[in-house]
Amino acid sequence: MPPINESKRVNVLGVGLSVLNLELALQSVGAALAQKTKGYICVTGVHGVMEAQQDPRFRAILNQSFLNTPDGMPMVWVGKLNGHKEMDRVYGPDLMLLICEYTRDHGYSHFFYGGGDGVAEELKARLEAKFPGIKIAGTYTPPFRPLNPAEEAALIQTVRDAKPDIIWVGLSTPKQEKFMAQYWQKLDTTLMFGVGAAFDFHAGRVRQAPRWIQRGGLEWLFRLACEPRRLWRRYFRNNPRFVFRFFCQWLGLKKYVLE
């Protein structure tokens, strides 16, 4: 089990969301890097919470993370309803840029794992242009399936040679969280971040919602309009169920244990 950060957590349907904002997240990450405290960081919104309802192993992975940040505005609203006024959105793409800037100034290095063909290399080029001097030690585009023993051994050796302080994982939820839980001890790195669509956003492959849409909690609608065929099942299944289950939790009609 990875070392769990001591920050407070809000119980959202049995998933512990760290009581954070971007500044507090940066403080925790900076301390972990300085102390070489190994672990993985999840960024979780409604989709992740709802996936965890049907998958106890995934729920445990989220709850055992070093940090589990409030990736969506509904997570922030739940935190504030529970009295945590300091809680704010720690959105994966924003966190990635913040950490890149911080590590550029402190000499830490990065490795990108995930994305479709060419995405990790495009991401590397764009971030090197945006943050001159940033250290990006390597990239790896995995197959769309679990790694076989030979591929796993090659990845472990590649990371051992590169010695990155941070590995960014750009798969989808829950694949990226399960990958991090499986490999955080095997790979020669300090922190792993699962940031999903941040790879495509920062590589320029997919448009991000305007900030006002993000802050209004409507990013899901923007993404649905951009990728309806891929996302419609996720949003029309998960969003109503989340609202119903949260109100049952809030009214005390159903208890969720934070394991």
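## Terms and basis of the model

A residue is called buried when its relative accessible area is under 20%, exposed when over 50%, and partly exposed in between, using a 1.4 Å probe and protein chains only. By this rule Asn238, at 2% relative accessibility, counts as buried.

The structure is a predicted model, in which local features need pLDDT of at least 70 and side-chain atom pairs count only at pLDDT 80 or more, while totals for chains, interfaces and linings use all residues. Residues are numbered from 1 along each chain as its sequence is written, and side-chain values use heavy atoms, with hydrogens and water left out.

## Overall form

The protein has 12 helices and eight strands. These elements are DSSP runs, numbered from the N terminus: helices are H or I runs of at least four residues, and strands are E runs of at least two. Along the principal axes, the C-alpha trace spans about 55 × 40 × 35 Å.

A compact globule of 259 residues would have a radius of gyration near 18 Å, and the value for the protein, 18 Å, agrees. The radius is taken over C-alpha atoms, and the globule rule is 2.2 Å times the number of residues to the power 0.38. Of the 259 residues, 54% count as buried. Among contacts (heavy atoms within 4.5 Å) with a separation of 6 or more, 76% come from residues 24 or more positions apart.

Six strands form an open sheet in the order S4-S3-S8-S7-S5-S6, with parallel pairing. Two strands pair if DSSP finds at least two bridges between them. Strand S4 (67-70) and strand S6 (135-140) are the edge strands, each pairing on one side only. From one strand to the next, the twist averages 20°.

Strand S5 (residues 109-114) pairs with S6 in the parallel sense over five bridges, and Ser109 stands opposite Lys135 in S6. Helix H6 (residues 119-130) packs on the sheet, where H6 touches S5 and S6, and its direction makes about 170° with that of S6. Helix H7 (residues 149-162) also packs on the sheet, touching S5, S6 and strand S7 (166-170); the direction of H7 makes about 160° with that of S5. For such angles, axes are lines fitted to C-alpha atoms, for helices over the stretch in contact, and the values run from 0 to 180 degrees between N-to-C directions.

## Helix H1

The 14 residues of helix H1 (residues 22-35) should span 20 Å at 1.5 Å a residue, and the end C-alpha atoms are 20 Å apart, which agrees. The expected span is 1.5 Å times one less than the number of residues. At the start of H1, a side-chain oxygen of Asn21 reaches to within 3.1 Å of the backbone nitrogen of Glu23. Just after the helix, Lys36 takes a positive phi of about 55°.

Ala25, Ser28, Val29, Gly30, Ala32 and Leu33 are buried in H1. The buried residues of this helix pack against strand S3 (39-44), S4, helix H5 (92-106), S7 and strand S8 (191-194).

## Two contrasting residues

Asn238 lies in helix H12 (residues 228-250). Leaving aside residues up to four places away in sequence, Asn238 touches Val46, His47, Met50 and Arg233. The side chains of Asn238 and His47 make a polar contact (3.1 Å). A polar contact is a pair of N or O atoms within 3.5 Å; within protein, one must be able to donate a hydrogen and the other to accept it, and residues adjacent in sequence count only if both atoms are side-chain atoms.

Ala129, in helix H6, is exposed, with a relative accessible area of 59%.
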